[in-house]
Amino acid sequence: MPNANNWQGDVLRDLRGTPPQQHAPDHGSAQGHAQAQSHSPAQEQHPAQQQERPQSQGPVGTGAQPPSRNTAASPGPATPPPRTQRPSRSPDSRPVVDSALTGTARRPQRGESAAARISRAVRRIVSSSTAREVAELTRTAEQIQQPVTTGRQIAVTSIRGGAGKTTVAALLGTAYAHYRHDPVLLVEADPALGSLPLRLGAESLRWTTADLADIVEPQMSLLDVTGYLVQLPDNAWLLPGSQGRIGAMLDTAAYERVMVALRRYFGVTVVDCETLPAEVARVALSAAQARVLAVPATLDGITSTYAVLQWMQGLPRHMIAGTVVALTSTTSRPGIDIEAAAEKLRSTGAAVHVLPHDRHLAAGGELRTELLARPTRLAATRLAAEVFQLSQKRR
């Protein structure tokens with residue numbers, strides 16, 4: 001298995017300079033996006049055919065010179081074949097929710113009751129906290145909007161299922177897509193019937209992480225890549241982990257190949273990992289610039305997480321310093337003192353954010369930000385800001 005730390009170093013070396021014929025589009029530039037040539041799955045041209053274009057001058061300072069006019073006629077070394085071949089047939093598109101189950105979902109409800117919303121509105125009118133809240137939101141938005149020199153990868157995982165891992169990943173990706181101007185990618189690295197597409201409101205799935213690992217090529221443009229992704233609102237994109245089939249697999253080699261290739265196109269990538277200690281999850285956590293550990297606000301959840309954080313204290317300092325615990329309230333009346341539990345977890349050196357109970361999130365359907373309770377939106381935005389700040393400290 002490739003070493004995760006070496007892989008991360010290879011990524012950074014690759015992104016410091018783009019070799020000839022591999023000029024990556026600027027994910028923050030609308031002009032570069034518009035000038036990119038389309039290479040969507042509907043096209044029949046193989047990526048290897050694009051290598052027949054004349055080579056352009058290399059990056060400044062490399063000493064590379066454009067070929068002279070008579071070099072085109074002289075025989076040269078044969079163009080090496082592409083590393084991978086396009087599959088003989090494209091996968092069929094499958095709906096995220098089976099048509100037989102679409103009628104079982106109820107109408108989504110708001111995150112808090114009407115009485116709670118009215119009470120909060122009255123308190124805001126008669127108090128002076130509104131100005132402070134606006135100022136805090138402004139500072140938080142500015143933190144999220146900071147530019148990046150290389151794409152930031154944020155891994156979200158949990159110790160066990162049902163901890164709210166996918167919900168936290170969806171909240172983070174939605175926040176980054178809302179506040180940032182460059183493309184944002186959400187990757188589902190949990191092929192075992194992951195629910196990230198359902199949470200993000202995707203209607204159908206076609207290409208998966210494992211499929212894209214056999215297709216992606218260094219010379220692809222942003223338009224080429226997004227042809228294989230699921231488009232989401234606010235310039236966000238989704239790469240599913242499976243098509244809802246039991247037994248779908250994702251190995252570390254395929255995951256590494258996809259993440260190395262896609263990082264240059266997206267300012268922020270949020271990865272919904274498998275639960276620990278799965279192999280792909282361990283590689284993703286090691287290579288990411290920041291990590292989020294979703295934890296349910298229960299006694300067993302706090303106990304297990306505290307043990308894991310104590311173990312992480314024996315790892316290199318950046319591992320726990322770049323980890324944020326998202327403590328999620330699964331019920332309106334949790335059976336523990338959440339603030340006391342958060343302080344205990346912070347004593348290990350990890351940051352802790354509390355996500356309050358939200359009726360809309362608890363329903364488990366499509367995430368609609370307009371239905372979230374206001375405390376949930378504020379808490380999710382603060383979490384996204386701190387995680388992004390931590391990712392900026394790790395190169």
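**Entry 1**

I began with helix H13 (residues 338-346), where Glu343 and Arg346 both lie, 3 residues apart, about one turn of the helix. Helices here are DSSP runs (H or I, at least four residues), numbered from the N terminus. The model is predicted, so local features need pLDDT of at least 70 and side-chain atom pairs count only at pLDDT 80 or more, while totals for chains, interfaces and linings use all residues. Residues are numbered from 1 along each chain as its sequence is written, and side-chain values use heavy atoms, with hydrogens and water left out.

I checked the side chains next. Those of Glu343 and Arg346 meet in a salt bridge at 2.8 Å, N to O. The term means a side-chain nitrogen of Lys or Arg within 4 Å of a carboxyl oxygen of Asp or Glu. Side chains of opposite charge can pair when their charged atoms come close.

I found a count of 6 salt bridges. In one of them, Glu136 and Arg382 meet at 2.4 Å, N to O. Glu136 lies in helix H4 (residues 129-144) and Arg382 in helix H15, so this pair ties together parts 246 residues apart in sequence. Glu136 is partly exposed at 26%. Arg382 is also partly exposed, at 32%.

I then looked at Glu370, which forms a salt bridge with Arg368, the closest N and O atoms being 2.9 Å apart. Glu370 is partly exposed at 44%. Arg368 is partly exposed at 32%.

**Entry 2: the core**

I turned to the largest nonpolar core, which has 44 residues. Such a core is a set of buried Ala, Val, Leu, Ile, Met, Phe, Trp, Tyr and Cys residues joined through side-chain atoms within 4.5 Å. Helix H5 (residues 165-179) gives the most to it, with 9 residues. Val168, Leu172 and Tyr176 are among the residues with the most contacts inside this core. I followed Val168 and found that it touches residues including Val156, Val292 and Leu383 (contact: heavy atoms within 4.5 Å).

**Entry 3: two helices crossing**

How do H5 and H15 (residues 374-393) cross? Their axes come within 9 Å and cross at roughly 80°. Axes are lines fitted to C-alpha atoms, for helices over the stretch in contact, and angles run from 0 to 180 degrees between N-to-C directions. The two helices are therefore roughly perpendicular (65 to 115 degrees). Residues making the contact include Leu171 and Ala175 of H5, and Ala384 and Phe388 of H15. I noted 11 nonpolar residues there, 1 polar and no charged.

Terms used: Buried < 20%, exposed > 50% of the residue type's maximum accessible area, 1.4 Å probe, protein only. Parallel < 35°, antiparallel > 145°, perpendicular 65-115°, else oblique. Nonpolar A, V, L, I, M, F, W, Y, C, P; charged D, E, K, R; others polar. Lists of a residue's contacts leave out its neighbours within four places in sequence.
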